[in-house]
Every structure is written in C-alpha cells, then in structure tokens.
Amino acid sequence: MVDGEKRKLSPTGKVLIGAATLMLGLIVGLAISIGFFFCQLRSPEYQKTVAASIADFADPLPAGFKIESGTAVETLKAVSFRNQPEGMWIVFNVREVKDNNEKNESEESIKEEHTHEKYEEDSPQSMQIASHTMEYQTRVITLGDNKMTELDGIIKDIPNKFISVTAGCKSPFNFGLFKQFTDSIKSFNTDRIK
C-alpha cells in the first residue's frame, strides 16, 4: 500500500460493521428501556397513579400500610400494599374482560390453579369492599418452620372487570387488619380501569 492510498472495505465487511452497530444500538436501547421500566415501577408517583386507577384508596393509607409496587401493562393493572410492622401484604390485580363468559373463565382458571391446595373453608365466604361483594377463601401455607395464611378473593359484581385480591400474613390471619384496610377503600374506579 502506498502512502496516502486508502484501503477499501469489502461489502461483507460493511454489512458486518453495520449489523454490529445496529445490534449494539438495540442492546443499549433495550437496557435503557428495561431500566426505565423498573425505575418507573419503584417510583412512588407511578405507584400512586396505578393505585388511583384501580380504586379510591384512603390517603393517607391506614396506619402501617404503604404502597409497595404498582404496574400497568396493556389490560392488566396490579398494585400491592405492605404493612411491615404486622407482616401483611395485599395485592389487587385488575384485568378488563370482554364479557361475563371471559370473567367466569378467569375465575375458573384461578380455582384450577389452587385445586391442589386445601382451603380452610369448604365454600367461599363473602364480605363487602367498597359496596362490592368479594368471595374469598383462606389457606395455611408452611414455609420451612413458618406458617403463613393467604386469602384469595374475587370481586364478583363489577361488570367487564376481573378483580382478584390476594393477602397474606403470618398465621393466624389478621382479619381485623385486613378489614381495616379494605374498609378504607372508598370505591373501585371502574371507569378508570382500562
């Protein structure tokens, strides 16, 4: 090669460099998007926005409770609360459904998930949350030497919405604390759950 003469890159080399640059750009973009997504999940403002789209939760929340996480992906929204002093957590999962058939299918799939588990009640119990009926059952789960009670519930009377409520704490289940939290819910925001 003579001084001042430029060496030309073959077409294959150009394609490989272009592909490598594109891949690097995609990887960096994906990493930034994932980082943003997880930062957003931890953002208190985002969590409050998701919670407010599900229900009118008391502000401030009942003593000891705080929002732990909130997410909204397509037609699914979820928000979780924790009472650290008492070791209780409560999760609301909301999904828009087309009709009652889809809602019934969602309820059946939840029941099928738990068919191998033994509930303390033979049939579901019911309670009111923000003027709506929740059917629930509780079960004891053993984790090592510890026992935990979990409550699985479904809000039954909100059309085109499938709302499940799961709560847990060390056994025995602190139903009074759970009721204190659910009694503080003013309403479900069915018009904002989309």
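**Entry 1: salt bridges**

I began with a term: a salt bridge is a side-chain nitrogen of Lys or Arg within 4 Å of a carboxyl oxygen of Asp or Glu. I am working on a predicted model, where local features need pLDDT of at least 70 and side-chain atom pairs count only at pLDDT 80 or more, while totals for chains, interfaces and linings use all residues. Residues are numbered from 1 along each chain as its sequence is written, and side-chain values use heavy atoms, with hydrogens and water left out.

I looked up how many salt bridges the structure holds, and there are six. One of them joins Glu96 and Lys161, whose closest N and O atoms are 4.0 Å apart. Glu96 belongs to strand β3 and Lys161 to strand β7, so this pair ties together parts that are 65 residues apart in sequence. I noted what a strand is here: helices (H or I, at least four residues) and strands (E, at least two) are DSSP runs, numbered from the N terminus.

Are Glu96 and Lys161 buried or exposed? I needed the cut-offs for that: buried means under 20% relative accessible area, exposed over 50%, and partly exposed in between (1.4 Å probe, protein chains only). Glu96 has 31% relative accessibility, so I wrote it down as partly exposed. Lys161 has 7%, so it counts as buried.

Next I followed Arg139. Glu150 forms a salt bridge with Arg139, and their closest N and O atoms are 2.2 Å apart. Glu150 sits in strand β6 and Arg139 in strand β5, eleven residues apart, and the pair links distant parts of the chain. Asp152 also meets Arg139 in a salt bridge, at 3.1 Å from N to O. Asp152 is in strand β6 and Arg139 in strand β5, so this pair ties together parts 13 residues apart in sequence. Through shared partners, salt bridges join Arg139, Glu150 and Asp152 into one network. I checked burial too: Glu150 and Arg139 are buried, and Asp152 is buried as well.

How do β4 and β5 pair? They pair in the antiparallel sense over five bridges; two strands count as paired if DSSP finds at least two bridges between them. Ile129 stands opposite His132 in β5. The hairpin has two residues between the strands, and there Ala130 takes a positive phi near 50°. I marked this because Ala130 is not a glycine, and it counts as buried at 14% relative accessibility.

I found a positive phi at Asn160 too, near 60°, again in a residue other than glycine. Asn160 is in the loop between β6 (146-155) and β7, and at 34% relative accessibility it counts as partly exposed.

**Entry 2: cis peptide bonds**

The bond from Asp59 to Pro60 is cis, with omega near 10°, and Pro60 lies in the loop between α2 (44-54) and β1 (65-73). The bond from Ser171 to Pro172 is cis as well, with omega near -5°. Pro172 is in the loop between β7 (161-170) and α4 (175-183).

**Entry 3: the core and a surface patch**

Which residues have the most contacts inside the largest nonpolar core? They are Phe57, Phe81, Phe92 and Phe178, in a core of 33 residues. A nonpolar core is a set of buried Ala, Val, Leu, Ile, Met, Phe, Trp, Tyr and Cys residues joined through side-chain atoms within 4.5 Å. In soluble globular proteins, nonpolar side chains tend to be buried together. Leaving aside neighbours within four places in sequence, Phe57 is in contact (heavy atoms within 4.5 Å) with residues including Val79, Phe81, Phe92, Phe181 and Ile185.

On the surface I found a nonpolar patch of Leu22, Met23, Leu26 and Ile27, with about 430 Å² of accessible area together. Such a patch is made of residues with over 30% relative accessible area and no salt bridge, with nonpolar side chains (Val, Leu, Ile, Met, Phe, Trp, Tyr) joined within 5 Å and, in charged patches, like charges within 9 Å. The areas come from the Shrake-Rupley method with a 1.4 Å probe, and for residues only the protein chains shown count as cover. Leu22 is in helix α1 (residues 11-42) and counts as exposed at 56% relative accessibility.

**Entry 4: two loops**

Last, I visited Thr75, in the loop between β1 and β2. Not counting residues up to four places away in sequence, Thr75 touches Val94, Arg95 and Glu96. Gln84 lies in the loop between β2 (76-83) and β3 (88-96). The C-alpha atoms of Gln84 and Phe65 are separated by 7.2 Å, although the two are 19 residues apart along the chain.
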